[in-house]
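Biologist: Before we start, could you show me the chain that we are going to read together?

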Amino acid sequence: VVGVVPTGRLPRREVGMLVALQVAMVLGGSLAMYLDSIAFLQTINPLMAPLVGVCEYVVLRKRTSRTTAGLAVTAAFGLVLATATEFTWHHVTIGGVFSAVAAIVAAAMFPVWTRVVIDRLKCDSGRLLLDVALWTLVCITPTLPVFDNYDPHLERSIWAFPITLPIWIGILLSGLLGFLMSLSIFIIVEHSSALTYGFVNLSRYAFVLILDLAFLDRHLTPRLLLGVACTVVSCTLYSMRLSRSSPSPAASIPQADHQALSPH
């Protein structure tokens, strides 16, 4: 990585806020899983996209148009509708609900604050990711096993799980994919907006459901079909609106350079 990503120390305050948000995301999700509320977390996870718009207004005073807000709510509602049957309220605890909501709020705030840091420090997204990833690793390593079935007497304990070579390969691939997914957050936020990442995240969940239907024999129901359709259509319409509002490549060329490129 050295020689590819710019080096230099970044201010601790800005980076520390991103690290705190990412730690809250990880530990909140792990605690929700430990309290048997992971299905509830997965169900409300799509609400992260509308929350991003709220966080953008609170932090950046950036107003979202009614059309864009409607598309975000519709896309999120579609995934909630598609996955709401995968949990029962009998297994949801108060602590699990609190942990899940905290994780979702932190996930919504993370891309917004990423945009603040990038604009304030004028730093490269890859350079920022390295600092955030390293400090997040330092923070969660001592605490994560506590929330992840640490009791060695339990059958599902992480200490009783046999780690073979294929498992190690899977762990390494999972870490690599996780790093690339985190990098995509920083790149999308740097070159577009936090809300755009929210729509990308919704598209990812919809794509996972479609793959589940195609390859894992998931039962197709009218609710699932309607929910996925709402999400796909809303994300597509947002992408079309975003592409129309973006300046054309010719418009981004300075006038002198544009004249120089024109044939005489």
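**Reading a pocket and a core**

Modeller: Helix H1 (12–34) and helix H6 (125–140) each supply at least two residues of the lining of the second largest pocket, helices being DSSP runs (H or I, at least four residues) numbered from the N terminus. This is a predicted model, in which local features need pLDDT of at least 70 and side-chain atom pairs count only at pLDDT 80 or more, while totals for chains, interfaces and linings use all residues. Residues are numbered from 1 along each chain as its sequence is written, and side-chain values use heavy atoms, with hydrogens and water left out.

Biologist: What is the volume of the second largest pocket, and which residues lie nearest its centre?

Modeller: A pocket is an open set of points on a 1 Å grid over the protein atoms alone, where a 1.4 Å probe fits, with protein on both sides within 12 Å along at least five of seven lines; lining residues have an atom within 4 Å of a point. Here the volume, the space filled by probe spheres set on the points, is about 290 Å³, and among the 12 lining residues Leu10, Arg12, Val15, Asp131 and Trp135 lie nearest the centre. H6 gives the largest share of this lining, five residues.

Biologist: Which residues does Leu18 contact, leaving aside its neighbours within four places in sequence?

Modeller: Contact means heavy atoms within 4.5 Å, and Leu18 is in contact with Phe110, Trp113, Thr114, Val117, Leu128, Val132 and Phe186 when those neighbours are left aside.

Biologist: Is Met25 buried or partly exposed?

Modeller: Buried means under 20% relative accessible area and exposed over 50%, with partly exposed in between (1.4 Å probe, protein chains only); Met25, in helix H1, counts as partly exposed because its relative accessibility is 25%.
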